[in-house]
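Hi,

Here is the structure I said I'd pass on.

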Amino acid sequence: MAKRKIQKPTRFERMYKVWDYLRKNTDRRHPTSIAKMRKDENINAYIGDKETINRLLKDMANIMNLEDGGSDYKPEAEWRLYFDDFKKFYGDKERYERDDSDEDDSYIANVMRIKNLYYNRTFSEKEVDSIIEGIMATRTLDSKSAQELVRKVEDNMTTVFYKRTPRHICKVQEPELADRELLKDNLAIIQKAIDDNVRIQFRFNGYSYEKKLEPVRAEMDELSPYYIVASGGKYYLLAAKEYEGYKPNMSIWRIDLMTDIEIPGRNDRLHIKGIPRIPKKNVSNLPEKWSEDFQLKHLNMSFDKPVPVTLRIKSEKCEGNPKKRVRPGYTFLHDWFGDSFTYIRTEKEPPYDDIVRVECSPYGMAHWALQYSELVEVLEPESLREDIKSKIKALNEKYSL
């Protein structure tokens, strides 16, 4: 019986196998060489002779290092496929165009040395870490789905040198906050309205005992939309609603509770985008430009105007020595305000606690101070103290015997 002839890999197969190998086994800090690749049984069958592999890598680099849809090379730091002699022979576009004949190409392929060869990844390890942290922190994925998504990220966006995340991080069950398709459609329409500076109209809902969305009022709401904010696994819309006789004020709406959303007055045939929204400058409390510290000043997405708030931060003291602390008492404060709080002083008289200042909406601060009543006391402004007192009085009346 005649021995079956083993078919040589095609040029396109070589290209794919070489690219896939470099993608998984190299990066800027871990380059390779042709000699190392020949010793690896996973890729050596696709290397070929020196001229074959040099031509292959040259053509791959020419394709991968060009600007998208253009004829100019990307900046060297953005090259997808890197080796030292590519810069020498082809990094100069004029020389490449002048020397790219079959004869010169053959010569270059023979003299070109493939040293310091690596695939330059789109995402750095630090960026991949951030993506994975986001996946593990999201409230809309269960543990199994999150782990599978992390696996795909690690398999397709990292190399063998990447230190993979622990596989057995347990997530707590979170309530399903929205129909994902409904939320996706709502976000798309709202984003279109924001881009076109026009209003939206929708029906606002709440959940019933049957665990279904039901309208909270008969009429539909019309808003001027400005910012979409992601916070705590939910999406919110910063907007303004007009009320006759009142200046427009910023309000915050849950996007997953909106149904029947549309852009009123829109007519594509007549090129009418919709009803113009209220200008930002005419809306009280609305930031002219988005600032990432918004959440720090609007706890739990409270929307009233932030004010300076003075707090007393309580801490445990050593028995018999009230001036000496047992442990720091700032972790809870940092969890909510990050580095935005300002330390003022440590009291020299009882109760020997610390005085700090934050900027926060009074509504959000009142409920936060009640939540952490054993750890914090609001000192100023007096109006906020009075609001907290009235809430405590109402609670006492509700729960007293």
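Below is what turned up, starting with the aromatic side chains and ending with a charged patch.

One thing to keep in mind: this is a predicted model.

How many aromatic pairs are there? The count comes to 18. Take Phe-83 and Phe-86 as one of them: their rings sit edge-to-face, 5.8 Å centre to centre, with 75° between the planes. Phe-83 and Phe-86 are both buried. They also belong to an aromatic cluster, along with Tyr-73, Trp-79, Tyr-82 and Tyr-118.

Another pair to look up is Phe-332 with Tyr-372, which is tilted: the centres are 5.2 Å apart and the planes make an angle of 35°. What does this pair tie together? Phe-332 lies in helix 11 (residues 331–337), while Tyr-372 is in the loop between helix 12 (362–371) and strand 14 (376–380), so the contact links parts that are 40 residues apart in sequence. Like the two Phe residues above, Phe-332 and Tyr-372 are buried.

Now for the surface. Glu-67, Asp-68, Asp-72 and Glu-78 make up a negative patch there. If you want a place to start, find Asp-68 in the loop between helix 3 (50–64) and strand 1 (81–82). Is Asp-68 buried or exposed? Its relative accessible area is 73%, and exposed means over 50%, so Asp-68 counts as exposed.

That's everything from me for now.

Cheers

Methods: Residues numbered from 1 in each chain as written. Predicted model: local features only at pLDDT ≥ 70, side-chain atom pairs only at ≥ 80, totals over all residues. Heavy atoms only, no water. Patch = residues over 30% accessible without salt bridge, like charges linked within 9 Å, V, L, I, M, F, W, Y side chains within 5 Å. Areas by Shrake-Rupley, 256 points an atom, 1.4 Å probe, with all protein chains shown as cover. Salt bridge = Lys/Arg side-chain N within 4 Å of Asp/Glu carboxyl O. Lys, Arg positive; Asp, Glu negative; His and termini not counted. Charge placed at Lys NZ, Arg CZ, Asp CG, Glu CD. Helix = DSSP H or I, 4+ residues; strand = E, 2+ residues; numbered from the N terminus. Buried < 20%, exposed > 50% of the residue type's maximum accessible area, 1.4 Å probe, protein only. Phe/Tyr/Trp six-rings, centres within 6.5 Å; stacked < 30°, edge-to-face > 60°.
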